[in-house]
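Have the model open as you read.

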Amino acid sequence: GGQRDPAEHLIAQLQDVDAEVRYNALAALVELEGEHVDAALAGAVDDADPHVRTVALTALGSRGPAAAAHLSRITPALNDAERSVRLTAALAVQRIAPRDERSQEILTRALRDGEGGVFLEVAELGSDAGWAVPTLKKLLRHREIKIRHLAAHTLGQLGPTAADAESALKEAAKYDPEEEVRLRATEALEAITSRSME
């Protein structure tokens, strides 16, 4: 007969009783393209296993605005019982619909809690992460060194989008008691100003 679609077999496996089988099928599906693949990923957002839900959400998020049709399946995950799933859902929604305020709130809270991974993910959102700048600016004065460091680094990654944080960064570059933070703030300032001159 004709070519069998490799996705079909994997999509069928998403109904397996064994979470590991579902997880592996999903991990393989992520590599494939197609509307039926995305629909299967969206279906897996409701999976009983949090790891499966996380992979499905990450995959849909990586499709960006192309996955907009599946937002209604993704947004309920912002209320997931598992915190890691809620964060993954919030990042996915941000990549698909950058103006979504509910996901911004969840991520803002995670930044305030000093979740390192979230700082890096927000930095990757680039110019869509302007909403995070006021929070990052405040975190430059956090009592924990690690958080000040992450905040300065993330602002630098956002470049000109973080222009509002310029004076706060200048202050950190001059007065922060930690050399690491001062360096990071100085680098961030360069990233913000040099790239906006181009």
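## The nonpolar core

The largest nonpolar core has 61 residues, and among its members Leu26, Leu29, Leu111, Phe119, Leu136, Leu155 and Leu169 touch the most others. Such a core is a set of buried Ala, Val, Leu, Ile, Met, Phe, Trp, Tyr and Cys residues joined through side-chain atoms within 4.5 Å, where buried means under 20% relative accessible area with a 1.4 Å probe, protein chains only. Helix α6 (residues 83-96) gives the most to this core, at 8 residues; helices are DSSP runs of H or I with at least four residues, numbered from the N terminus.

Take Phe119: leaving out residues up to four places away in sequence, Phe119 touches Leu111, Gly114, Leu136, Leu139, Ile147, Leu150, Ala151 and Thr154. Contact means heavy atoms within 4.5 Å.

## Reading the model

This is a predicted model, in which local features need pLDDT of at least 70 and side-chain atom pairs count only at pLDDT 80 or more, while totals for chains, interfaces and linings use all residues. Residues are numbered from 1 along each chain as its sequence is written, and side-chain values use heavy atoms, leaving out hydrogens and water.

## Helix α7

Which residues are buried in α7? They are Ser103, Gln104, Ile106, Leu107, Thr108, Ala110 and Leu111. The buried residues of α7 pack against α6, α8 (116-124) and α9 (133-139).

## Where α2 meets α4

Ala19, Arg22, Tyr23 and Leu26 of α2 meet His51, Val52, Val55 and Ala56 of α4. The two helices, α2 and α4, are roughly parallel to each other, a term for angles under 35 degrees.

Conventions: Parallel < 35°, antiparallel > 145°, perpendicular 65-115°, else oblique. Buried < 20%, exposed > 50% of the residue type's maximum accessible area, 1.4 Å probe, protein only.
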